[in-house]
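Subject: Structure handover

Hello,

Here is the structure I said I would pass on. Please load it before reading the notes below.

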Amino acid sequence: MSSPGARGRPLSPNIQIYRPQLTSVLSIANRITGVILSAFAVLMVVWLIAAASGPQPFSTVQRSIGSLFGQILMLGFTFSFFMHLCGGIRHLIWDTGHGFELRSIYASGWAVVVASILLTALTWGVSIWMGVG
Amino acid sequence: MMGKEKRLPLIIDSSDQLPSATILKRFPLPRNFGVAPDSRIEEGQVWKAPAGASRTKAFTIYRYDPDSGDNPTLDIFEVDLDDCGPMVLGALIWIKNKVDPTLTFRRSCREGVCGSCAMNIDGTNWLACTREIAETDEAGRIYPLSNMRIVKDLVPDLTHVFAQYAAMEPWLHSKTPAPENERLQSPEERSELDGYYECILCFCCTSGCPSHWWNGDRFLGPAALLQAYRWLADTRDEATGQRLDDLEDPFRLYRCHTILNCTRTCPKGGTPARRSPRSRK
Amino acid sequence: MRKVPTPTPLNHALALGSSRKGAGEWWAERLSAIALIPLTIWFAASVIALTGSDHAAFVAWLKTPFATICMILLLIALFHHTALGLQVIIEDYVHSGAKFAAIIATRLGCFALAVAGIVATLRIPFAG
């Protein structure tokens, strides 16, 4: 971003000093979870291909998902999914032109955080209950 | 969602609320992360308070002297609170008058109207004249506006952001011959400009916008986009179609990712992000 | 012949002017996002319901026309949304020539993955 005559002038710090706020933190969180979900989209295709290939490859994939490491990944995936889902809905509401007052921005922001945690817990609760029952 | 009477630290009602509730004061990155060699900040000197000062407070201030050929530094100034005004701008003026006359910053109205003294105070952009010293962190941190080419100390080169503003042609476009008297608006039509006409061009928003940090040469940034919307919303303007066509670009307009740092930092309580030219199609 | 330009600040800000596009991609990202809300919730609910199931139960589920259709719609919307989202991220942070290579790889990769997923899904009711 050099403008004419400005060559040689130092650039003042930006990300290095700017205070992390709910606004910017949720924005970058939406990005990071989006990238994580992209990786899981690849895994989803692997899962489908394994299922189409027969019971043997499918059970191999299922076993990896069921392992401790697989379960930790799935927990991260679940949280990323709900964070991106809730954050995405927040963005869609903004796209209608609503919710731009600072108070709404912060209320919806914290709502996204709380909802993501609750929905992740709920999902795992149901999943474990289904597995046991 | 929560009680309205009491100001909750987690919910910010207006941009003048202090950012004290953030968990981190800055992102956990090395100080000079991704910074070009000649922009890296080095340690500066400490300027002690005058002997006899009983109430002092330290400020860490970004310094850059174009004539020295050295990198920017962080100087620490101890300010005598009994000898200076109550605002951050007062502390800067005190330093310039009493300690180091070479400290350089812009200021004019000292009452939040002119937008000259916009700078980064404790990690967010604000006007030095409307932020109290008492509201700053211990060792208040003062940097110039973020992501700007620095002329000297706290004076950023605003050429590019003003050019982006000028590119919005911020004046009335009309093909209809000028009427005998004023061009009239109803009170409702006029109220469409509320939240947009107040901009004082301090560039706190554009300088605080991460998308403008990464793509500032092509993305117009919140200040210019707010101005664009101000003219789109004006019923007297006849260039709406042309203005929209000129915005329609993946970078110029659509690099806005609704991060909303702009609204959080606007010293005039404006809402730079809320512009709806997007919904036209 | 083009005059040798003397770049003024305004010249720099106006640069090559507006490309007069961008709304299309913006819409596509929103449209795929809206489609993904019900589709991903359906998928998540199905996966939870399938917890601990074997291959036979999985095949029986995906074989139903409703599940096959939903899965294919999900794959299309998901990889369309992924490609658009990743492209914006690359454009934001990568400013070298690697930008184009990364965007091309992302676009083609997403397309290939969507096709692979759809073929795998279709093999279950039709070939399995």
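Predicted model: local features only at pLDDT ≥ 70, side-chain atom pairs only at ≥ 80, totals over all residues.

Chain C

Chain C is built from helices: there are 5 of them and 0 strands. Read from the N terminus, the order is α-α-α-α-α. The radius of gyration is 21 Å, whereas the globule rule gives 14 Å for 128 residues, so chain C is more spread out than a compact globule. The C-alpha trace has spans of about 70 × 25 × 25 Å along its principal axes.

Of the 128 residues in chain C, 41% are buried. Among the contacts of chain C with a separation of 6 or more, 72% join residues 24 or more positions apart. Its accessible surface is about 7,200 Å², and carbon and sulfur atoms account for 74% of that.

Chain B

Chain B has both kinds of element, with 8 helices and 8 strands. Its radius of gyration is 21 Å, close to the 19 Å from the globule rule for 281 residues, so chain B is as compact as a globular protein of that length. Along the principal axes, its C-alpha atoms fill a box of roughly 70 × 45 × 45 Å.

Buried residues amount to 54% of the 281 in chain B. For contacts in chain B with a separation of 6 or more, the share between residues 24 or more positions apart is 63%. The chain exposes about 13,000 Å², with 52% of it supplied by carbon and sulfur atoms. There are 36 positive and 39 negative side chains in chain B, and the centres of the two sets are 3 Å apart.

Aromatic residues

Over all chains, the structure holds 21 aromatic pairs. One of them joins Tyr254(B) and Trp26(C), with 6.3 Å from centre to centre and 40° between the planes, which makes the pair tilted. This pair crosses between chains: Tyr254(B) sits in the loop between helix H7 (240–247) and helix H8 (261–265) of chain B, and Trp26(C) belongs to helix H2 (residues 23–49) of chain C. Both Tyr254(B) and Trp26(C) are buried.

There is also an aromatic cluster with members in chains A and C. Trp47(A) and Phe58(A) are in it, together with Trp42(C), Phe43(C), Phe58(C), Trp61(C) and Phe66(C).

Phi of Thr258(B) is near 45°, a positive value in a residue other than glycine. Is Thr258(B) buried or exposed? Its relative accessibility is 7%, and buried means under 20%, so Thr258(B) counts as buried.

Leu201(B) has a positive phi as well, near 60°. Its place is the loop between helix H3 (187–191) and helix H4 (204–207) of chain B. For background, most residues other than glycine have a negative phi.

Asp67(B) lies in the loop between strand S2 (56–63) and strand S3 (73–80) of chain B. With a relative accessible area of 72%, Asp67(B) is exposed. Asp67(B) and Lys152(B) are 85 residues apart along the chain, and their C-alpha atoms are separated by 9.3 Å.

Regards

Conventions
Residues numbered from 1 in each chain as written. Chains lettered and ligands numbered in written order. Heavy atoms only, no water. Helix = DSSP H or I, 4+ residues; strand = E, 2+ residues; numbered from the N terminus. Rg over C-alpha atoms; globule rule 2.2 N^0.38 Å. Buried < 20%, exposed > 50% of the residue type's maximum accessible area, 1.4 Å probe, protein only. Contact = heavy atoms within 4.5 Å. Areas by Shrake-Rupley, 256 points an atom, 1.4 Å probe, with all protein chains shown as cover. Phe/Tyr/Trp six-rings, centres within 6.5 Å; stacked < 30°, edge-to-face > 60°. Lys, Arg positive; Asp, Glu negative; His and termini not counted. Charge placed at Lys NZ, Arg CZ, Asp CG, Glu CD.
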